[in-house]
Amino acid sequence: MQQKEKSDNISTEKIFSMKKSDDTPSRISPAQHGLIQALYLLASVAFKWFFLWIRGGNKKQRTTLFWDMISERYDLDSSPDRPEHKAVQNARKYLKSSDSVLDFGCATAGVMLRLADSVGFIHGIDISPKMIEAGRDKLADRGIANVETSTATILDEYFKPETFDVILALNIVHLLDDRKRALARAYELLRPGGYLITVTPCLAEARSFKDRMIYVLLLILTGIRFLPHIGLLRSVEVANALVNAGFEIVETKNLERSEQHFVVGKKVLLS
Ligand SMILES: C[S@@+](CC[C@H](N)C(=O)[O-])C[C@H]1O[C@@H](n2cnc3c(N)ncnc32)[C@H](O)[C@@H]1O
(Lines give C-alpha, C1' and ligand atoms only; values in the text may rest on other atoms or scores of the structure.)
Protein backbone atom coordinates (compact mmCIF):
# COMPACT_ATOMS: atom_id res chain seq x y z
CA MET A 1 0.00 0.00 0.00
CA GLN A 2 2.81 2.38 0.99
CA GLN A 3 4.49 1.37 -2.20
CA LYS A 4 1.32 2.23 -4.13
CA GLU A 5 1.12 5.68 -2.47
CA LYS A 6 4.76 6.21 -3.31
CA SER A 7 4.23 5.31 -6.95
CA ASP A 8 1.08 7.50 -7.09
CA ASN A 9 3.12 10.42 -5.79
CA ILE A 10 5.84 9.78 -8.28
CA SER A 11 3.45 9.71 -11.21
CA THR A 12 1.63 12.83 -9.98
CA GLU A 13 4.98 14.51 -9.60
CA LYS A 14 5.93 13.51 -13.14
CA ILE A 15 2.71 14.86 -14.57
CA PHE A 16 2.37 18.03 -12.58
CA SER A 17 5.63 19.27 -11.13
CA MET A 18 7.26 19.94 -14.49
CA LYS A 19 10.63 19.12 -12.96
CA LYS A 20 13.48 19.10 -15.40
CA SER A 21 15.53 15.95 -15.67
CA ASP A 22 18.58 17.76 -14.23
CA ASP A 23 16.59 18.19 -10.96
CA THR A 24 16.19 21.94 -11.08
CA PRO A 25 13.50 22.89 -8.57
CA SER A 26 9.85 22.98 -9.67
CA ARG A 27 8.57 26.38 -10.78
CA ILE A 28 5.04 25.81 -9.54
CA SER A 29 3.93 26.35 -5.96
CA PRO A 30 2.05 23.73 -3.87
CA ALA A 31 -1.14 25.85 -4.27
CA GLN A 32 -0.78 25.81 -8.06
CA HIS A 33 -0.08 22.07 -7.87
CA GLY A 34 -3.33 21.56 -5.91
CA LEU A 35 -5.29 23.70 -8.36
CA ILE A 36 -3.95 21.78 -11.37
CA GLN A 37 -4.86 18.49 -9.68
CA ALA A 38 -8.38 19.75 -8.93
CA LEU A 39 -8.83 20.92 -12.54
CA TYR A 40 -7.49 17.60 -13.80
CA LEU A 41 -10.01 15.74 -11.63
CA LEU A 42 -12.90 17.98 -12.74
CA ALA A 43 -11.91 17.57 -16.39
CA SER A 44 -11.78 13.78 -16.12
CA VAL A 45 -15.15 13.71 -14.30
CA ALA A 46 -16.65 15.92 -17.03
CA PHE A 47 -15.20 13.70 -19.76
CA LYS A 48 -16.51 10.41 -18.33
CA TRP A 49 -19.78 12.05 -17.28
CA PHE A 50 -20.36 13.16 -20.85
CA PHE A 51 -19.97 9.61 -22.21
CA LEU A 52 -22.24 8.19 -19.53
CA TRP A 53 -24.83 10.84 -20.36
CA ILE A 54 -24.63 9.93 -24.08
CA ARG A 55 -25.05 6.24 -23.18
CA GLY A 56 -28.04 7.16 -21.03
CA GLY A 57 -26.59 6.21 -17.60
CA ASN A 58 -29.02 6.53 -14.71
CA LYS A 59 -28.59 8.49 -11.49
CA LYS A 60 -27.12 5.56 -9.54
CA GLN A 61 -24.56 4.84 -12.29
CA ARG A 62 -23.48 8.49 -12.41
CA THR A 63 -23.14 8.65 -8.61
CA THR A 64 -21.11 5.43 -8.61
CA LEU A 65 -18.86 6.71 -11.39
CA PHE A 66 -18.26 9.96 -9.53
CA TRP A 67 -17.19 8.23 -6.30
CA ASP A 68 -15.16 5.62 -8.18
CA MET A 69 -13.13 8.48 -9.61
CA ILE A 70 -12.80 10.22 -6.26
CA SER A 71 -11.52 6.93 -4.76
CA GLU A 72 -8.15 7.37 -6.48
CA ARG A 73 -7.47 10.47 -4.43
CA TYR A 74 -9.58 9.85 -1.35
CA ASP A 75 -6.73 8.95 0.98
CA LEU A 76 -4.35 11.70 -0.06
CA ASP A 77 -5.72 14.07 2.58
CA SER A 78 -4.78 12.42 5.88
CA SER A 79 -5.16 15.63 7.90
CA PRO A 80 -6.34 15.09 11.50
CA ASP A 81 -8.84 17.91 10.86
CA ARG A 82 -10.93 15.70 8.61
CA PRO A 83 -14.43 15.75 10.10
CA GLU A 84 -14.71 11.96 10.27
CA HIS A 85 -11.70 11.86 12.65
CA LYS A 86 -13.39 14.28 15.04
CA ALA A 87 -16.65 12.38 14.65
CA VAL A 88 -14.90 9.10 15.52
CA GLN A 89 -13.53 10.65 18.74
CA ASN A 90 -17.03 11.80 19.64
CA ALA A 91 -18.59 8.48 18.65
CA ARG A 92 -16.45 6.30 20.93
CA LYS A 93 -18.60 6.89 24.00
CA TYR A 94 -21.53 5.21 22.19
CA LEU A 95 -19.58 2.05 21.32
CA LYS A 96 -19.21 -1.19 23.30
CA SER A 97 -16.78 -4.03 22.66
CA SER A 98 -19.67 -6.39 21.83
CA ASP A 99 -21.34 -4.04 19.31
CA SER A 100 -22.23 -4.95 15.77
CA VAL A 101 -21.70 -1.79 13.69
CA LEU A 102 -22.68 -0.73 10.18
CA ASP A 103 -20.47 1.93 8.53
CA PHE A 104 -22.80 3.40 5.90
CA GLY A 105 -20.75 5.04 3.12
CA CYS A 106 -17.48 3.56 4.41
CA ALA A 107 -15.35 4.77 1.44
CA THR A 108 -11.81 3.34 1.77
CA ALA A 109 -12.45 1.94 5.28
CA GLY A 110 -10.50 4.65 7.17
CA VAL A 111 -13.09 4.85 9.95
CA MET A 112 -13.43 1.06 10.16
CA LEU A 113 -9.67 0.71 10.63
CA ARG A 114 -9.76 3.11 13.55
CA LEU A 115 -12.73 1.51 15.28
CA ALA A 116 -12.24 -2.20 14.61
CA ASP A 117 -10.47 -2.89 17.91
CA SER A 118 -13.17 -1.11 19.95
CA VAL A 119 -16.22 -3.08 18.75
CA GLY A 120 -17.30 -6.66 18.08
CA PHE A 121 -17.83 -6.46 14.34
CA ILE A 122 -18.09 -3.79 11.62
CA HIS A 123 -19.70 -4.14 8.21
CA GLY A 124 -18.93 -1.31 5.75
CA ILE A 125 -21.10 -0.58 2.73
CA ASP A 126 -20.45 1.84 -0.09
CA ILE A 127 -22.00 2.49 -3.49
CA SER A 128 -18.55 2.68 -5.13
CA PRO A 129 -16.83 -0.63 -5.98
CA LYS A 130 -13.48 1.15 -6.24
CA MET A 131 -13.78 2.62 -2.73
CA ILE A 132 -14.63 -0.86 -1.44
CA GLU A 133 -11.68 -2.39 -3.32
CA ALA A 134 -9.23 0.18 -1.90
CA GLY A 135 -10.66 -0.40 1.59
CA ARG A 136 -10.29 -4.19 1.28
CA ASP A 137 -6.61 -3.79 0.37
CA LYS A 138 -6.02 -1.70 3.48
CA LEU A 139 -7.93 -4.07 5.78
CA ALA A 140 -6.07 -7.09 4.36
CA ASP A 141 -2.69 -5.31 4.76
CA ARG A 142 -3.41 -4.78 8.47
CA GLY A 143 -4.84 -8.29 8.99
CA ILE A 144 -8.05 -7.03 10.59
CA ALA A 145 -10.49 -9.89 10.97
CA ASN A 146 -13.70 -8.48 12.48
CA VAL A 147 -14.64 -6.39 9.45
CA GLU A 148 -16.45 -7.03 6.20
CA THR A 149 -17.30 -4.75 3.30
CA SER A 150 -19.83 -4.82 0.46
CA THR A 151 -20.72 -2.69 -2.51
CA ALA A 152 -24.27 -1.77 -1.53
CA THR A 153 -26.56 1.03 -0.46
CA ILE A 154 -28.55 0.94 2.75
CA LEU A 155 -31.76 0.42 0.76
CA ASP A 156 -30.56 -2.88 -0.73
CA GLU A 157 -32.22 -5.95 0.78
CA TYR A 158 -28.86 -6.97 2.13
CA PHE A 159 -29.44 -6.94 5.87
CA LYS A 160 -32.27 -8.10 8.10
CA PRO A 161 -34.09 -5.65 10.40
CA GLU A 162 -32.57 -5.16 13.88
CA THR A 163 -29.11 -6.38 12.86
CA PHE A 164 -26.93 -3.56 14.26
CA ASP A 165 -26.27 -1.84 17.60
CA VAL A 166 -24.76 1.24 15.97
CA ILE A 167 -24.91 2.73 12.48
CA LEU A 168 -22.27 5.27 11.47
CA ALA A 169 -23.39 7.71 8.80
CA LEU A 170 -20.37 9.99 8.51
CA ASN A 171 -20.42 12.57 5.70
CA ILE A 172 -23.23 10.80 3.89
CA VAL A 173 -26.61 12.20 5.00
CA HIS A 174 -26.26 15.25 2.70
CA LEU A 175 -25.48 12.95 -0.26
CA LEU A 176 -28.68 10.92 -0.06
CA ASP A 177 -31.26 11.88 -2.64
CA ASP A 178 -33.92 9.92 -0.74
CA ARG A 179 -32.85 10.90 2.76
CA LYS A 180 -36.22 10.04 4.27
CA ARG A 181 -36.17 6.43 3.04
CA ALA A 182 -32.52 5.89 3.92
CA LEU A 183 -32.99 7.13 7.51
CA ALA A 184 -36.14 5.04 7.91
CA ARG A 185 -34.11 2.03 6.76
CA ALA A 186 -31.33 2.88 9.25
CA TYR A 187 -34.00 2.92 11.98
CA GLU A 188 -35.24 -0.48 10.82
CA LEU A 189 -31.74 -2.00 10.80
CA LEU A 190 -30.95 -0.89 14.36
CA ARG A 191 -31.81 -2.96 17.40
CA PRO A 192 -33.97 -1.20 20.01
CA GLY A 193 -31.67 1.04 22.05
CA GLY A 194 -29.23 1.36 19.11
CA TYR A 195 -27.60 4.57 17.92
CA LEU A 196 -27.39 6.32 14.55
CA ILE A 197 -24.26 8.49 14.64
CA THR A 198 -24.00 11.18 11.97
CA VAL A 199 -21.68 13.96 10.98
CA THR A 200 -22.83 16.21 8.17
CA PRO A 201 -21.30 19.22 6.47
CA CYS A 202 -24.06 21.81 6.79
CA LEU A 203 -22.88 24.16 4.09
CA ALA A 204 -25.98 26.32 4.26
CA GLU A 205 -24.47 27.51 7.58
CA ALA A 206 -20.96 28.13 6.21
CA ARG A 207 -19.37 31.24 7.70
CA SER A 208 -15.93 31.62 6.14
CA PHE A 209 -15.55 33.23 2.74
CA LYS A 210 -13.95 30.05 1.35
CA ASP A 211 -16.82 27.84 2.55
CA ARG A 212 -19.41 30.25 1.18
CA MET A 213 -17.65 30.14 -2.19
CA ILE A 214 -17.74 26.32 -2.04
CA TYR A 215 -21.47 26.58 -1.24
CA VAL A 216 -22.11 28.71 -4.34
CA LEU A 217 -19.96 26.47 -6.53
CA LEU A 218 -21.78 23.33 -5.33
CA LEU A 219 -25.13 25.03 -5.84
CA ILE A 220 -24.21 25.64 -9.48
CA LEU A 221 -22.53 22.27 -10.14
CA THR A 222 -25.34 20.22 -8.59
CA GLY A 223 -27.94 22.46 -10.27
CA ILE A 224 -26.54 21.65 -13.72
CA ARG A 225 -26.18 17.96 -12.64
CA PHE A 226 -22.43 18.04 -13.04
CA LEU A 227 -22.12 16.54 -9.55
CA PRO A 228 -24.32 13.90 -7.91
CA HIS A 229 -26.89 15.03 -5.36
CA ILE A 230 -25.39 17.15 -2.56
CA GLY A 231 -27.89 18.55 -0.09
CA LEU A 232 -26.91 22.01 1.10
CA LEU A 233 -28.35 21.54 4.57
CA ARG A 234 -28.78 23.37 7.85
CA SER A 235 -28.02 21.48 11.08
CA VAL A 236 -31.63 21.71 12.19
CA GLU A 237 -32.69 19.88 9.02
CA VAL A 238 -30.39 16.96 9.89
CA ALA A 239 -31.80 16.71 13.42
CA ASN A 240 -35.39 17.00 12.12
CA ALA A 241 -34.76 14.29 9.52
CA LEU A 242 -33.64 11.91 12.29
CA VAL A 243 -36.64 12.79 14.47
CA ASN A 244 -39.00 12.20 11.53
CA ALA A 245 -37.44 8.77 11.02
CA GLY A 246 -38.34 7.90 14.64
CA PHE A 247 -35.08 8.67 16.47
CA GLU A 248 -34.74 10.48 19.76
CA ILE A 249 -31.89 13.00 19.56
CA VAL A 250 -29.34 12.30 22.30
CA GLU A 251 -26.54 14.63 21.16
CA THR A 252 -26.15 17.45 18.73
CA LYS A 253 -23.16 19.73 18.44
CA ASN A 254 -20.93 21.59 16.03
CA LEU A 255 -17.50 20.11 15.52
CA GLU A 256 -14.56 22.46 15.37
CA ARG A 257 -15.27 23.75 11.90
CA SER A 258 -18.68 25.22 12.58
CA GLU A 259 -20.49 23.81 9.55
CA GLN A 260 -19.63 20.19 10.50
CA HIS A 261 -22.58 19.06 12.54
CA PHE A 262 -22.55 15.96 14.77
CA VAL A 263 -25.97 14.47 15.58
CA VAL A 264 -26.73 11.19 17.36
CA GLY A 265 -30.18 9.60 17.32
CA LYS A 266 -31.31 6.72 19.51
CA LYS A 267 -33.88 4.09 18.59
CA VAL A 268 -35.80 4.18 21.84
CA LEU A 269 -37.12 1.04 23.42
CA LEU A 270 -40.86 0.82 23.13
CA SER A 271 -42.51 -0.57 26.28
C1 LIG B 1 -17.81 11.93 1.58
S2 LIG B 1 -17.53 10.21 1.51
C3 LIG B 1 -17.55 9.84 3.25
C4 LIG B 1 -16.85 8.56 3.55
C5 LIG B 1 -16.67 8.20 5.04
N6 LIG B 1 -17.92 7.92 5.70
C7 LIG B 1 -15.92 9.28 5.75
O8 LIG B 1 -16.53 10.01 6.55
O9 LIG B 1 -14.71 9.40 5.48
C10 LIG B 1 -19.07 9.59 0.98
C11 LIG B 1 -19.04 8.10 0.65
O12 LIG B 1 -20.38 7.66 0.52
C13 LIG B 1 -20.51 6.86 -0.63
N14 LIG B 1 -21.89 6.98 -1.08
C15 LIG B 1 -22.50 8.04 -1.72
N16 LIG B 1 -23.80 7.80 -1.90
C17 LIG B 1 -24.04 6.56 -1.36
C18 LIG B 1 -25.20 5.73 -1.22
N19 LIG B 1 -26.39 6.13 -1.66
N20 LIG B 1 -25.07 4.52 -0.63
C21 LIG B 1 -23.86 4.08 -0.17
N22 LIG B 1 -22.73 4.81 -0.27
C23 LIG B 1 -22.82 6.04 -0.84
C24 LIG B 1 -19.48 7.38 -1.60
O25 LIG B 1 -19.07 6.40 -2.53
C26 LIG B 1 -18.35 7.79 -0.66
O27 LIG B 1 -17.44 6.76 -0.48
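Biologist: Which residues does Leu 168 touch, not counting residues up to four places away in sequence?
Modeller: Keep in mind that this is a predicted model. Leu 168 is among the residues that touch the most other members of the largest nonpolar core, which has 52 residues. Leaving out residues up to four places away in sequence, its contacts are Ala 91, Val 101, Asp 103, Phe 104, Val 111 and Ile 197.

Biologist: Which strand gives the largest share of this core?
Modeller: Ile 167, Leu 168 and Ala 169 are among the core residues that touch the most other members. The largest share of the core is six residues, and they come from strand E4.

Biologist: Which strands stand at the edges of the sheet?
Modeller: The sheet is open, with seven strands in the order E3-E2-E1-E4-E5-E7-E6 and mixed pairing. From one strand to the next, the twist averages 15 degrees. An edge strand has a single partner, so one of its sides is left without a neighbour in the sheet; that holds for E3 and E6.

Biologist: What is the bridge partner of Ile 197 in E7?
Modeller: Strands E5 (residues 190-201) and E7 (residues 260-266) run antiparallel and are joined by seven bridges. For Ile 197, the partner in E7 is Val 264.

Biologist: At about what angle to E7 does helix H9 run?
Modeller: Helix H9 covers residues 235-244 and lies across E5, E6 and E7. Its angle to E7 is about 15 degrees.

Biologist: Which residues come nearest to the ligand?
Modeller: Around the ligand there are 19 residues, divided into eleven nonpolar, six polar and two charged. Helix H3, helix H5 and strand E2 each give two or more residues to this shell. The nearest are Trp 67, Glu 84, Gly 105, Ala 107 and Leu 170.

Biologist: Which residues of H3 make the contact with H6?
Modeller: The axes of these helices come within 7 Å and cross at roughly 35 degrees. On the H6 side, the contact uses Pro 129, Lys 130, Met 131 and Ala 134. On the H3 side, it is made by Trp 67, Asp 68 and Ser 71.

Biologist: Is Ala 109 buried or exposed?
Modeller: Ala 109 sits in the loop between strand E1 and H5, and its phi is near 70 degrees, a positive value in a residue other than glycine. A residue counts as buried with 20 or more other C-beta atoms within 10 Å. Ala 109 has 26, so it is buried.

Methods:
Residues numbered from 1 in each chain as written. Predicted model: local features only at pLDDT ≥ 70, side-chain atom pairs only at ≥ 80, totals over all residues. Near = placed C-beta within 6 Å. Helix = DSSP H or I, 4+ residues; strand = E, 2+ residues; numbered from the N terminus. Nonpolar A, V, L, I, M, F, W, Y, C, P; charged D, E, K, R; others polar. Axes fitted to C-alpha atoms, helices over the stretch in contact; angles between N-to-C directions. Contact = placed C-beta atoms within 7 Å. Core = buried A, V, L, I, M, F, W, Y, C linked by C-beta atoms within 7 Å. Buried ≥ 20, exposed ≤ 12 C-beta atoms within 10 Å, placed from the backbone. Pairing = 2+ DSSP bridges.
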